[in-house]
Amino acid sequence: DASSPKARTFMWGVWGLNHCALSVLKCVAIYNDDKFMLKFLGATAAITLGYLVKEKGSIDSAGGDVDGFVAICALQTASIGYLAFA
């Protein structure tokens with residue numbers, strides 16, 4: 001049950017680990033100017049942004065707030081996309 005404290009702790013841990021791994025990949029791709037990896041990571045950022053925007057209404061109606069995540073994903077999509085195609 002996602003509302004139990006144990007489930008929340010696990011889900012935030014998994015999400016955090018995935019976020020950290022993707023962040024390291026983004027830094028390495030930028031440092032190495034790896035265009036393929038930048039394109040791939042830019043695509044994943046864009047997909048994440050689209051998913052957040054699509055589900056924002058249901059999260060808002062449940063009392064949640066993902067505006068910060070939307071802003072961060074939009075900035076990542078724009079900046080990584082710029083680096084991938086520059």
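**The largest pocket and its setting**

Author: In this predicted model, 23 residues line the largest pocket, and those nearest its centre are Trp15, Thr48, Leu52, Phe69 and Cys73.

Reader: How much space lies in the largest pocket?

Author: The lining of this pocket is made up of 23 residues. The space that lies within the largest pocket is about 740 Å³.

Reader: Which element supplies the largest share of the lining of the largest pocket?

Author: At least two lining residues come from each of α1 (5-32), α2 (35-61) and α3 (67-85). The largest share amounts to 10 residues, and its source is α1.

Reader: How many nonpolar residues does the lining of the largest pocket have?

Author: Sorted by class, the lining includes three charged and six polar residues. The nonpolar residues in this lining number 14.

Reader: In what order do the elements of the protein run from the N terminus?

Author: The protein has zero strands and three helices. Read from the N terminus, the order of its elements is therefore, with helices counted as DSSP runs, α-α-α.

Reader: What percentage of the residues of the protein count as buried?

Author: The C-alpha atoms fill a box of roughly 45 × 25 × 15 Å along the principal axes. A residue is taken as buried when its relative accessible area is under 20%. Of the 86 residues, the part that counts as buried is 19%.

Reader: What share of the accessible surface belongs to carbon and sulfur atoms?

Author: The accessible surface of the protein comes to about 6,200 Å². Carbon and sulfur atoms hold a share of 72%.

Technical notes: Residues numbered from 1 in each chain as written. Predicted model: local features only at pLDDT ≥ 70, side-chain atom pairs only at ≥ 80, totals over all residues. Heavy atoms only, no water. 1 Å grid on protein atoms, 1.4 Å probe; cavity = no way out; pocket = protein on both sides within 12 Å on 5 of 7 lines; lining within 4 Å. Points joined across faces, edges and corners; volume = space filled by probe spheres on them. Helix = DSSP H or I, 4+ residues; strand = E, 2+ residues; numbered from the N terminus. Nonpolar A, V, L, I, M, F, W, Y, C, P; charged D, E, K, R; others polar. Buried < 20%, exposed > 50% of the residue type's maximum accessible area, 1.4 Å probe, protein only. Areas by Shrake-Rupley, 256 points an atom, 1.4 Å probe, with all protein chains shown as cover.
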